[in-house]
Structure formats: C-alpha cells, structure tokens
Amino acid sequence: MRSSQSMRQLSLALPENNPKMDRASFVRAASNEVAWRTGTAWLHSEEPALVICGPSGAGKNHLASALVEGCEFFQTTAEAMADGTGTYKTSLVIVDDMPAVDPRAFLTAFETGISSGHRFLLIGEGHPSVWALGLKDLRTRLEAAPRAVLADPDETLLRAVMAKGFRDRQVAVSDTVIEYVAPRIPCTFAAAHGFVALADRTALEENRKITTPFVQKLLDNLSEGD
C-alpha cells in the first residue's frame with residue numbers, strides 16, 4: 001500500500017497551522033539522531049556555519065529552532081541576506097530557504113557576517129553543494145561546514161509526526177488511529193503531513209470524529225483512486 005500513486009498525492013495537502021517549534025516537541029528518533037547530535041556539537045563549537053538539509057517537511061526549521069532554544073537568534077532568508085535586507089541583531093542567525101538567486105551576493109554577505117562574529121544555521125532542501133549554483137568559492141564554504149542531514153522517517157518517527165500534526169491542529173486522535181494509519185501510507189514526511197491535513201479537513205466537512213473506521217474509509221477511498 002505504501003507504493004500507491006494516490007497515497008503520494010497526500011503531499012499536496014496543506015501543512016499544519018502554526019506548528020510548535022520548541023525543543024520539547026522535537027521528536028528524536030533513529031532517522032534524525034545523527035542530525036541532532038551534529039547540531040548540538042556545532043552549537044558548542046566555534047564553527048561559523050551549520051548546514052541543515054533534508055526533504056520537504058522533514059523538520060529542518062524545527063531542528064534549528066530546537067537547537068537555538070534559550071539563545072538569542074535572528075531569522076532571515078537566503079534572499080534577504082543576499083540583497084542586504086537582512087540585518088543581524090544577534091550572533092546566531094538562522095537562514096532559511098537556501099539557496100539565494102545570486103550566489104556571489106550571498107557569499108559576500110555570508111563572509112562579511114562571519115568576519116563580524118556571526119554564526120549561521122543554513123537551511124534548505126537538497127545537497128548543499130547545489131546551493132552554490134556553480135560558484136566554486138561558495139561551494140567550498142558550504143561543503144566545509146558541518147552538516148545535519150534529516151532523512152525520511154522510520155515508522156516510529158512517522159507515527160510521532162502524525163501525532164504532533166494532530167496536536168498542532170488541536171484535534172483529539174487516539175493512538176489506535178495513528179497505529180492503523182502508519183503502515184498504510186508512504187513512509188515520508190510529506191505523506192504524514194498530508195494525511196493529517198486530509199483527515200482534519202474531511203472530518204470538518206463531514207462533522208465527524210477521526211476514528212479508526214473513519215481513517216480506514218479515507219485510506220480505502222485513496223486506494224480506489226489508483
């Protein structure tokens with residue numbers, strides 16, 4: 001059932017509203033433990049940059065927020081940093097949406113920030129070498145940085161992601177429902193987020209509670225769409 005084409009369409013559903021990004025809600029599991037350890041080691045080092053990469057919905061921003069919890073930090077985007085609109089008010093800077101369109105302008109801002117004592121958490125999808133967009137000097141910088149890679153989840157993390165998704169939406173769902181769904185959807189963050197959004201939306205439209213029979217019917221309908 002995990003290979004179902006209709007199941008893959010779950011990734012098109014909307015993400016959770018206002019998800020919690022604190023350390024307490026960051027679920028550590030086998031598939032993200034190395035990334036967590038890499039991030040915490042970097043935080044206590046003097047390295048100027050940490051790369052956080054992984055697939056869409058993998059929790060890259062959540063990891064960054066959890067790592068810097070209790071510290072003062074400034075958050076910006078790669079594009080704002082490259083065009084000079086990002087003003088760093090703290091030593092720690094979270095830079096989302098890597099890469100910037102102009103890699104040379106980004107590199108200039110990046111190196112200026114480092115020379116001024118700032119440290120950067122760079123967040124994006126794909127391999128960081130691609131973020132350089134062909135600029136050798138930037139590629140060298142990115143590849144030299146410690147890298148926290150978030151992989152697709154195992155089933156344990158998949159269940160935790162769905163449970164958190166429902167909690168973020170303030171929707172009461174039993175563990176039995178999560179246990180039923182987990183082995184029946186693709187083992188990806190996109191599928192987990194997508195199923196939560198789909199179940200929540202459908203339950204609201206039909207004025208029903210999210211129970212095991214409800215999700216069974218929902219999954220059956222998805223499978224019938226193949």
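## Helix packing and a buried histidine

Helix 2 (residues 33–43) packs against helix 3 (residues 60–67) at an angle of about 40 degrees, with the axes 10 Å apart. Axes are lines fitted to C-alpha atoms, for helices over the stretch in contact, and angles run from 0 to 180 degrees between N-to-C directions. This is a predicted model: local features need pLDDT of at least 70, side-chain atom pairs count only at pLDDT 80 or more, and totals for chains, interfaces and linings use all residues. Residues are numbered from 1 along each chain as its sequence is written, and side-chain values use heavy atoms, with hydrogens and water left out.

The two helices are therefore oblique to each other (angles under 35 degrees count as roughly parallel, over 145 as roughly antiparallel, 65 to 115 as roughly perpendicular and the rest as oblique). The residues in contact (heavy atoms within 4.5 Å) are listed here.

| Helix | Residues in the contact |
|---|---|
| Helix 2 | A35, W36, G39, T40 and L43 |
| Helix 3 | L63, A66 and L67 |

H118 lies in the loop between helix 5 (103–115) and strand 4 (119–124). Helices (H or I, at least four residues) and strands (E, at least two) are DSSP runs, numbered from the N terminus. H118 has a relative accessible area of 14%, so it is buried (under 20%; exposed is over 50%, partly exposed in between, with a 1.4 Å probe and protein chains only). Not counting residues up to four places away in sequence, H118 touches P48, Y88, T90, S91, V93 and G113.

The protein has 11 helices and five strands. Of its 226 residues, 48% are buried.
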